[in-house]
Amino acid sequence: MIVYIARRMVTAVFMLLAIAFVTIALFFGASKDPARAMCGKPCPPETRAKVSAYMQTDQSAVWQYTEFVKGLFVGRTYGEGAQQVHCDAPCFGYSFPNRSDVTTLIAERLPVTLSLALGAAVLCLVVGIGLGALSAIRKGGIVDRFSTGFAMFGLSVPTFLVGLLVVQVFGFMLNALPYSGFVSFSESPTDWAWHLIGPWMVLSFILAAGYIRVTRTQLLNELSADHLVAMTARGASTRQVNRHAVRGVMVPVVAMFALDVTALLGGSVIAERVFSLHGLGDLLLSGVNESDLSIVVGVTLFSAFLIIVGNLIADLLMPLLDPRIRRA
């Protein structure tokens, strides 16, 4: 197990380095010059060249990648003399439009995204597994038809449309829920939850659809397995049979949950935009709009790191949930 973890960690490091290089290469291939936005109007060519040199965007993608990796370990310095700016390690770059290093910006936005992701993940897990299990146990009934329709609708409707409907109906028409803003948990736990109910509803509605389908399909397969049919024939109660069947369902559910949580922690761009939440998704979008390479690479790499860690945790949990995987 230790060897397996070490191998996965080494692979994760190489994947993160590859993602950073691809992001930088794509940025330089498709993005406009960030120095133009910082220079303002009018911007003579010589002034623009000085701004580009100060921001270090006049160098090649390979040079940018080398400096980025170096900055993670020893920090990075921009400019010279009185205008010099230093970014301490681990340095994900310096955002000149925001006048702050990217590590600080991520730390400031992370509580918003963390609150949004964890609440939505827990809610979608409860709703998805609950409806999926009831749908399988009462196959062909009203609950099964409702859950199937709910799952199909959730998988087919875009996130932004659900978000706009929630804002329009519950925010403007009924005035029942706040449709923008964020209150930190330390200030007021009640207001914190109250301002996040809308985004939680939207994200959990979309994500729960996948859990319903997976839970229903897996539970039906488990209930028809030979060993559970034999348990029923020997007189085991329905509760005992269902309890054994649920253990087999948990493996794919845990894998999905790990990926969904880590993806949400990387930032939900649409939900954050619709509800005016300034999280990591909003930070990434602003970085793209402002051609801010440091923000784009930093947030992308941070999101990739979370997804890789989530995959590793899911792989380690699966043998504990299913002895068949452990034996294999």
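C87 and C91 form a disulfide, with their sulfur atoms 2.2 Å apart. A disulfide is taken here as a pair of cysteine sulfur atoms within 2.5 Å. By this rule the count is one. The torsion about the S-S bond of C87 and C91 is about 115 degrees, so the disulfide is right-handed. Both cysteines, C87 and C91, are buried. Buried means under 20% relative accessible area, exposed over 50%, and partly exposed in between (1.4 Å probe, protein chains only). C124 counts as buried because its relative accessibility is 1%.

The model is predicted: local features need pLDDT of at least 70, side-chain atom pairs count only at pLDDT 80 or more, and totals for chains, interfaces and linings use all residues. Residues are numbered from 1 along each chain as its sequence is written, and side-chain values use heavy atoms, with hydrogens and water left out.

Helices (H or I, at least four residues) and strands (E, at least two) are DSSP runs, numbered from the N terminus. Helix α4 covers residues 61–74. The expected span of a helix is 1.5 Å times one less than its number of residues. For the 14 residues of α4 this gives 20 Å, and the end C-alpha atoms are 20 Å apart, which agrees. Q64, Y65, E67, F68, V69 and G71 are the buried residues of α4. G75 follows α4, and its phi is positive, near 90 degrees.

I137 lies in helix α5 (residues 102–137). At 43% relative accessibility, I137 counts as partly exposed. Leaving aside neighbours within four places in sequence, I137 is in contact (heavy atoms within 4.5 Å) with L219 and N242. The C-alpha atoms of I137 and L220 are separated by 7.8 Å, although these residues are 83 apart along the chain.
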